[in-house]
Amino acid sequence: MKKLLFLLTLVVSSSIFAQNKFPEFLVGTWFSEDQNTYEHWDKLSPTFLKGYSYQVKNGQIQVSEYLDLVQRKDGTFYIPTVIGQNSGNPVEFKLTSSDSTFFFENKAHDFPKKISYKKLSSTEIFVQVSGEKNKGFSFKMKKKEPLSETRNEKNTTDNPNFNSDLAEKLKGDDYGMKKYVFVALKTGTNSTTDKKYIDSCFAGHMANIGHLVGDGKLIVAGPFGKNDLTYRGLFILNVTTVEEAEALLKTDPAVNSKLLAYELIPWYGSAALPEYLDASDKIWRKKF
């Protein structure tokens, strides 16, 4: 579980690169009449857009590909995962130009080798898909109302188990996901050997955990086993920004005393995560 949580944190990057702009204009729902295709994008962070391409047939959504657009230390990438192609593996196209048109290229890919998006206006974009010698196709897409608000497509979903009441309660997005902040707690700079002081700080640390859980701000907490990285434990905080997370950590006596330090990483996970807390409160027999 711990390995999985660390891997998932890599999904959301907090790096911002000045050399390339980021196509936030894509956020929303777009429709191409020529292709009879929709494309929907959500903004998960300043450097991460997530989307999907689909058609609507007989009132049902048929997703054809899932899309990521993310800035990383090695560049900005458009990453489609096309259903039924490439063994289900994503293909990365790197941003090579963002002057007036955003060009994403992968010269090693068979087709396409280049995908570009150009903003024509606040309600219209131009998309071009090309291969060798720039042969391919292009089309315009127009912005439209979100899928859930269109008359003929209201309440359509590709999940037969979808529970609208639970989804509304947990406030997840269309993917059943939401933003959190992952906290890696590690040994701080305070090297005191005063056992009474240390015990007092960590008693306050445990009490503060209980307060944060009670307030619905702390979703996951637990210690790591012995390791060579000075990591002591983890929190997953039910907040959306690093600033909110830092404000909560200032209520922890072990952090304030610098017995513990921390690293903060924006994390994108299941909106259902808080649901396990009711069960967790019914299975312990002894307090720490």
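The structure is a predicted model, in which local features need pLDDT of at least 70, side-chain atom pairs count only at pLDDT 80 or more, and totals for chains, interfaces and linings use all residues. Residues are numbered from 1 along each chain as its sequence is written, and side-chain values use heavy atoms, with hydrogens and water left out.

**Terms for position**

- Helices (H or I, at least four residues) and strands (E, at least two) are DSSP runs, numbered from the N terminus.
- A residue is buried under 20% relative accessible area, exposed over 50%, and partly exposed in between (1.4 Å probe, protein chains only).

**Helix α4**

- Helix α4 spans residues 242-249, and A245, L248 and L249 are buried in it.
- These residues lie on the same side of α4 because they cover an arc of only 100° around the axis; the arc is that of the directions from the helix axis to the C-beta atoms.
- An α-helix has 3.6 residues a turn, so residues three or four places apart point the same way.

**Aromatic rings**

- The whole structure holds eleven aromatic pairs. Rings of Phe, Tyr and Trp (its six-membered ring) pair if their centres lie within 6.5 Å; planes under 30 degrees apart count as stacked, over 60 as edge-to-face and the rest as tilted.
- F31 and Y38 make a tilted pair, with 4.6 Å from centre to centre and 45° between the planes. F31 is partly exposed at a relative accessible area of 24%, while Y38 is buried at 9%.
- Y38 also pairs with Y54, and this pair is stacked, with 4.9 Å from centre to centre and 5° between the planes. Y38 lies in strand β2 (residues 37-45) and Y54 in strand β3 (residues 48-57), so the pair ties together parts that are 16 residues apart in sequence.
- Y54 is buried, with a relative accessibility of 1%.
- Ring pairs join F31, Y38, Y52, Y54 and Y175 into a cluster.

**Charges over rings**

- A charge sits over a ring if NZ of Lys or CZ of Arg is within 6 Å of the ring centre and within 35 degrees of the ring normal.
- K144 lies over the face of F31, at 6.0 Å from the ring centre.
- R72 lies over the face of F77, at 4.1 Å from the ring centre.

**Salt bridges**

- Eight salt bridges are found in the whole structure. A salt bridge is a side-chain nitrogen of Lys or Arg within 4 Å of a carboxyl oxygen of Asp or Glu.
- K43 and E24 form a salt bridge at 3.3 Å, N to O. K43 is in strand β2 and E24 is in the loop between α1 (2-9) and β1 (28-32), so the pair ties together parts that are 19 residues apart in sequence.
- K43 is partly exposed at 38% relative accessibility, and E24 is partly exposed at 36%.
- E132 bridges to K113, with the closest N and O atoms 3.7 Å apart. E132 is in the loop between β9 (124-130) and β10 (136-144), and K113 is in the loop between β7 (101-105) and β8 (114-121), 19 residues apart.
- E132 is exposed, with a relative accessible area of 54%, whereas K113 is buried at 15%.
- Salt bridges that share partners join R72, D74 and E92 into one network.
- In the bridge between R72 and D74, the closest N and O atoms are 3.0 Å apart. R72 is partly exposed at 24% relative accessibility, and D74 is partly exposed at 41%.

**Backbone features**

- The peptide bond from F111 to P112 is cis, with omega near -5°. P112 belongs to the loop between β7 and β8.
- K171 is a residue other than glycine with a positive phi, near 60°. K171 sits in the loop between α2 (164-170) and β11 and is exposed, with a relative accessible area of 64%.
- T230, also a residue other than glycine, has a positive phi near 65°. T230 sits in the loop between β12 (218-223) and β13 and is partly exposed at 43% relative accessibility.
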